[in-house]
Amino acid sequence: MIDSLSGFVAELREIGIPVSMVEAIDAAIAIEHTDLSKADNLRATLGATLVKNSRHYPAFDAAFDVFFGLRLASPTGTDRERDGDGGPFAAGSGGGAGSGSDEISDAILRALLAGDHDALRRLVAAAVDMYAGMQPGRPVGGRYYAYRVLRRLDSDQLMVRLLVALGAAHTESELEDRTVHASAEELVDQMRSEVEREITSRLVADRGAAQVAATRRMPLIEDTNLVHATRTEIEEVERAIAPLARKLATRLSQQRRHGEKGRLDVRRTIRRSLSHGGVLLEPQFKKPRKSKPEFVVLCDVSGSMATFARFTMQLAYAISSELSKVRVFAFIDGLDEVTEYFGPGVDFAEALMSMSSEADLVRSDGHSDYGRSFRDMWENYADAVTSKSTVIVTGDARNNYRDPGSEYLDRIAERSRALFWLNPEPRRFWDTGDSVMSRYAQACDAIDQVRTLRQLERFVERAALPAARRSRLVS
Amino acid sequence: MTGEWTTPQDVASALESVGYLADARIAQVAFLANALSKPILAEGPAGVGKTALALALAEATGRRLVRLQCYEGLDEAKALYEWDYHKQLLRLQSEEGAAWDEIEGDIFSESFLLTRPLLEAIRSKEPVVLLIDEVDRVEVETEALLLEVLDTYQVTVPELGTMTAVTTPIVVLTSNNTRELSEALKRRCLYLYVPYPSIERERAILVSRIPDLPEKLADKIARTVSAIRQLPLRKAPSVSETIDWARTLIALGIEDVNDEVTSDTINVLLKYQVDIDRAAKEFSLDTPDG
Ligand SMILES: Nc1ncnc2c1ncn2[C@@H]1O[C@H](COP(=O)(O)OP(=O)(O)OP(=O)(O)O)[C@@H](O)[C@H]1O
Ligand SMILES: [Mg+2]
């Protein structure tokens, strides 16, 4: 067990989950207090000792299935070995007899409806025997085998039959209808993940856990590319944004001017004085109050940036619910203020929709024009930027070979407290083609590559106000 | 450490006997916390029973609950201990003229010490459950105050030395995940993510909390709430709101959940008008304001 534990810990670290030495030792000790006859006990033990961030659990669970799914697993697994009927790749060639598939599907349907997990496991194992066509040593991923099995079991058909069985035909309302659908989907998912688990454990028996885990590794949500994120990824990332916004707001709240102290703290002064026999030697001051930071966000929302813009908008929206003053401007080849679309109590998705249909972001052809947009900002909204504002620009600086208008960004920067630029493109592509990133460099206190949540986190962690506004006016 | 627990099932039944329904994972983590004398860090959305877990552990073990409620600005003086300077001043005045050396040892002694929850838990003669509630509300620097306590169940008062817990407390920290807690804090804890309960567990919670709730209605309520939680909401209904909703339905003498009932009472479940509108739209409900 200790051997597989250290392999497992190495795999977690490989995925990017930070596991310290102490935690690995804690896990080893905790295992001694764990009843290993059920895999889920071990899962709970390792989850509690090794993984301290809820976002990491999907990746943890996937790796756990690979490493411990087989060893502790199903009664079928052990039966098979005991019967000695050929190990993980027993039985059928994968061609599969046509008639058997209906019988198995019927039985699976019954097992799902009855909530009989053991029966489900046995049936799925049989289905994998018949339809997966697994061959030892073949460099085929589990997904391919799973696909073959699921195609034969026909999950669409199963869904329909489950809906019928659960009474979808007799629902009286939309809500009830949804509820029935949700239950049916959950059952289909149960079967699907059972198939995946069964195949995984056979692959592990063939090639070893470490190798299978390496081909399966799913990126942590913080390493997902925000530019191409899927819907579920988007939802998961969005949950992580509020804490980040809070951190950013705190980091950038302005400390009072250097040397200025807060009000006298009478209680602490007297307490301290008692160490000197009651003589008030050292007046104690309260920490100076921090002032609310103000943000101005300029967001490229053109086609290529659409998904990414969603995150920066949401970051802005989350910051504004942290009681900071935020004004948001969106641009494509023209710029418009969109702050009001994101007020408190507004649904975020709808706000995005109404913003794109109502706001005035396109002046001519709808291709990004940074120069024009910065000029709009300067000419129409210069007042929004004051010596208290932190300006955040997000975009790829791909200007379609138009005039960069960097003098306008310089002027905006000059009025501001600090200006940061977040660019989702990898650094090596900056200034290639129509990207004019470095033309804006002198206006920026920092330009960061931000295409993942982890990079956004790093930006937030490092974001600091410049000691003083350096003069940037270009002659 | 509580001696009677030899399996996680013991923990689950002990908790159930005081009305808290733990799933296998919660039971396993609570069991480990007790066996290894390690704090539990329970994280998850609001109202899923994190605080209730600590209360139930106290009730189930017959231990006293010591609670430190965290808030922004919480400091050492409110979390650990504070010298009673009023009393110290009085003593100084009454002893005017005495040598400082003599008085110093005197006014920094036990009788001038005001104990706050952390020190109270450490010094308690009977075993306690220490609940450090909503730890994500304190600034990250303040977390450092907790580390000594969580690590070794000790508190150091410079003038008095280090005090070690006489009996090992069961410690539960809760967090709503509004910010990342420090690695240092997390390393010292067993991590327990508490999500919204499954339909079955929520139904069971309802039945155990509201004995006169018919099983069938409980089931319908749990299913409906679970469907509502699937929507992208600003604030999804918590378990306590599910319980409130069930109580409301009972008080209104309602025996079955249908669209009309849901639209009339959905404000018990959803607190934001945007969320109510969203649910109304998704489920084609006819809400008063929607
Ligand atoms: N597993 C459970 N068994 C019994 N009751 C439960 C359970 N989970 C939640 N409850 C009920 O839900 C209520 C809310 O739980 P609690 O206040 O502990 O939530 P919380 O997670 O601490 O929320 P918050 O983050 O808002 O403090 C409890 O009073 C309890 O009645
Ligand atoms: Mg609570």
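I take buried to mean under 20% relative accessible area. The model I am reading is predicted.

**Entry 1: an aromatic group**

I first looked up A:F68. Its relative accessible area is 0%, so I record A:F68 as buried. I record A:F67 as buried too, because its relative accessible area is 5%. I then asked which residues form one aromatic cluster. I found A:F8, A:Y57, A:F60, A:F64, A:F67, A:F68 and B:Y191.

**Entry 2: ring pairs**

I noted 21 aromatic pairs over all chains. For A:F64 and A:F68, I read 5.1 Å between the ring centres and 40° between the planes, so I list the pair as tilted. A:F64 and A:F68 are four residues apart in helix α4 (residues 57–68) of chain A, which means that about one helical turn separates them. The rings of A:F67 and A:F68 have centres 6.3 Å apart and planes at 45°, so this pair is also tilted.

**Entry 3: nonpolar cores**

I turned to the largest nonpolar core and counted 100 residues in it. Those with the most contacts inside this core are A:F8, A:L12, A:L46, A:L50, B:I132 and B:L173. Helix α10 (residues 174–207) of chain A gives the most to this core, with nine residues. Another core, of 48 residues, lies apart from it and includes A:A229, A:F311, A:M313 and A:V326.

**Entry 4: a surface patch**

I located A:I25 in helix α2 (residues 21–31) of chain A.

Key
Residues are numbered from 1 along each chain as its sequence is written. Chains are lettered from A and ligands numbered from 1 in the order in which they are written. This is a predicted model: local features need pLDDT of at least 70, side-chain atom pairs count only at pLDDT 80 or more; totals for chains, interfaces and linings use all residues. Side-chain values use heavy atoms; hydrogens and water are left out. A nonpolar core is a set of buried Ala, Val, Leu, Ile, Met, Phe, Trp, Tyr and Cys residues joined through side-chain atoms within 4.5 Å. Buried means under 20% relative accessible area, exposed over 50%, partly exposed in between (1.4 Å probe, protein chains only). Helices (H or I, at least four residues) and strands (E, at least two) are DSSP runs, numbered from the N terminus. Rings of Phe, Tyr and Trp (its six-membered ring) pair if their centres lie within 6.5 Å; planes under 30 degrees apart count as stacked, over 60 as edge-to-face and the rest as tilted.
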